[in-house]
Each structure stands twice: as C-alpha cells, then as structure tokens.
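Here is a short note for a colleague who is new to this structure. Please read the points beside the display below.

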Amino acid sequence: MTNTAHSSQDAATLLRVDNLKVQFGVPRGGFPWSGKTMLRAVDGVSFNVRRGETVGLVGESGCGKSTLARAIIGLAPVADGSVRWLGDETVLPGARRDTSRLRRDVQMIFQDPLASLDPRMTIEQIVAEPLTTHGQDIARADVQRRVLTMLERVGLNAQHLRRYPHEFSGGQCQRVGIARALIGEPQLVICDEPVSALDVSIQAQIVNLLRDLQRELSLSLLFVAHDLAVVKAISHRVLVMYLGRVMEFGDKRDVYGTPRHPYTRALLSAVPVPDPVVERARRHLLLRGEIASPLNPPSGCAFRTRCPDAIEACAQDVPQAITHGANATRVACIRVGDMMKEASLSGR
Ligand SMILES: Nc1ncnc2c1ncn2[C@@H]1O[C@H](COP(=O)(O)OP(=O)(O)OP(=O)(O)O)[C@@H](O)[C@H]1O
Ligand SMILES: [Mg+2]
C-alpha cells in the first residue's frame, strides 16, 4: 500500500491530469446584486490515460464528468491543477498555452449525435472538415479518398456522401461523428456519453464499433457514461467520480470484481443481474438521500453523507487516494485505508 503522489512518470502515458479543479461562478440569489458563489464542478481530479487503452469515466448525473472532459481540451475554466499531453503542460489555471498539438491529437464525440453535426453541411463536408481546418495541405482527391475510406470503416458508404445529417438515424449520425473525430488520426478520443441518446440495440453496435476501432488503430479513449454495463464492455481501466472527486480508479477487473470504495460498491449493487435467481439472492446496498450540492459540498469525504460506512473522522479531511492491490487501484476512502492497514499488520 503506497500513497499516490503523481510522481510515477509512466512512459506509456499520453494524458496526465493532476489535481484539476474547475469552478463556475453562479448567482447566489435571484438578484444580480446578491453576488456569486463558487460551484466546484471538478474538485482535485488526478488520473492518466495510457497509449492504446480505454479509460471509462462513471458517476451519477452532475458529478462533473462532462466538465472534466471539457477542461482537458481547454473548454472549461481551470481554477487549479494541470493537464499534460505527452509531457507538455497544455492547460493551466489562467495561463494561455499553445494547444494546437492537443487539438490535433485529441478529438471529441458528443452525446447528441444530430445536434453535434452542422445541419447545413453534407456528410462529406462534415467528415472532411478537420482535415481542411488544421491548415494541412492535402489534395482534394486525397481528402475525398480518406473521407470515403473512413465512412466505410464506420459502416457507411459512398451513397451517404452528399446527404445531410437530418436524413440519418441517431446511430448513423453517431457513426458520422466517429468518422469526423477519427479522420485526422487523433491519438485520444474523448467520448462524452456517446451512446446514451441511442436505442439499446444501436448502443451495442456503436460500442462494438468504438472498441474495434480502438484496437485496430491503437487509439486511446476516455469513455464517459453513467451506464456501468456499457463502461464495463469497453474499458480497460475505470474512474469512478462523485461530486467532482475521484473515489476509485483502477483496472476494470478490480473495480468491477472487487470494488473497494463504498460508492463503487453501491453503484455496482444497483445494476441488476440478468439471472433472476442470482438477482433475487443479491443484497443491494441502497444509497441514502440525494447527491450533495457542489455549491456546498460536505466537509471531508464528499460521499460521507450517503455512505453506509461513514464515521466521524470522514468529516474531517478530504481522503487522499491510496493504492491497493497488485494492480494499484486508487481508492479515496479512509475506512478502506484503515482496513487494508489492519489486514497487512495481521499478516492477512
Ligand atoms: N457552465 C456552467 N456554469 C455553471 N455550472 C455548470 C456549468 N457547467 C456545468 N455546471 C455544473 O457543474 C456540475 C457538473 O456538471 P457536468 O455537466 O460536468 O456533470 P455530468 O457528470 O456530465 O452530468 P450528466 O451525467 O448529467 O451529463 C453540475 O452541478 C452542473 O450544474
Ligand atoms: Mg455530462
């Protein structure tokens, strides 16, 4: 068991996020003169994404998943901490950095496929746009060839080139979004709830497509979703967030197989098992109450007000992430830390 400083410089790491904080000033009352208060949407998040892996990001609605994703590419105001891309600092509080490399290397896929495509552009124009806006000098014939190859790779074809987004289904629009994100050969694709707006059967097709592309192209994905089954299907490592903070981060097999943080355990226990006999025999951990407000988060551990294991000490300090197990799962819970300490002292 070791304390996780952000020291280990992992050669395979593409993206490193350290102690990232994003705050929004929101009106305190109903009047302009009531002043503003700070909403802590992301509150000290640290994690990394390695080359060729998929990191799943899960947590309840409003816990800061989209804000974290947006902050990574410089679209949300960073109050503290840093984002490093291939070792270079790209996003810092108040600092203007040259983010052109990050913008080329990192692409995003959004939740609402139709809304994220310009309705006045043809599919060919939409998919080709990243090639033409990054100042690359690519011959027109080459652009057309690459667009068609990419469309075919995502399951569309030449007949779709001259059509407009409104002529497509949600699943097809998401395929166009994926083609557009991949055409410039990015290294990391941030997928913010890419299948949440789709039918269940279409969800599986898109998840499979993303997984195949990830393997084929050795892509890295940061896959944001609140559906734990979807995240399990696609991720190598999983990051569990609660109220702007990381509760647990580790190998998928550990997070799903032996969840350590009480929040991860509660989230997983809420997912029904398809076998009715097993399902009836399961004990469900019910989460008490509502998620706390990021305007006024609880002192100490953000999850303590709903945690079945909380003790007085949980209200004192924000728990530091401690690594556990052979695969170094990071868990931010003092009770889990104490239990592991006791177990190692008693030689278990
Ligand atoms: N531009 C903004 N101004 C003020 N508050 C914001 C802004 N963007 C997000 N927030 C707040 O930050 C918190 C995190 O929001 P975010 O959209 O990142 O959550 P999320 O985990 O992506 O939720 P969901 O699963 O519903 O998409 C929420 O309380 C939200 O209201
Ligand atoms: Mg979101």
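1. The shell around ligand 1 has 14 residues, each with a heavy atom within 4 Å of the ligand. Ser61, Gly62, Lys65, Ser66 and Thr67 come nearest. This is a predicted model: local features need pLDDT of at least 70, side-chain atom pairs count only at pLDDT 80 or more, and totals for chains, interfaces and linings use all residues. Residues are numbered from 1 along each chain as written, chains are lettered from A and ligands numbered from 1 in written order, and side-chain values use heavy atoms, without hydrogens and water.

2. Polar contacts (pairs of N or O atoms within 3.5 Å) come next. A polar side-chain atom of serine 61 sits 2.5 Å from an oxygen atom of ligand 1. For serine 66, the side-chain distance to a ligand oxygen is 2.8 Å. Glycine 64 uses a backbone N or O atom, 3.0 Å from an oxygen of ligand 1.

3. Alone, ligand 1 exposes 630 Å², by the Shrake-Rupley method with a 1.4 Å probe. The protein buries 63% of that.

4. Which element gives the largest share of the shell around ligand 1? Helix 1, with three residues. Helices (H or I, at least four residues) are DSSP runs, numbered from the N terminus.

5. Now the helix pair. The axes of helix 3 (residues 123-133) and helix 5 (residues 170-182) come within 7 Å and cross at roughly 30 degrees; axes are lines fitted to C-alpha atoms over the stretch in contact, with angles from 0 to 180 degrees between N-to-C directions. The two helices are therefore roughly parallel (angles under 35 degrees).

Technical notes
Polar contact = N/O pair within 3.5 Å; in protein donor to acceptor, adjacent residues only side chain to side chain. Parallel < 35°, antiparallel > 145°, perpendicular 65-115°, else oblique.
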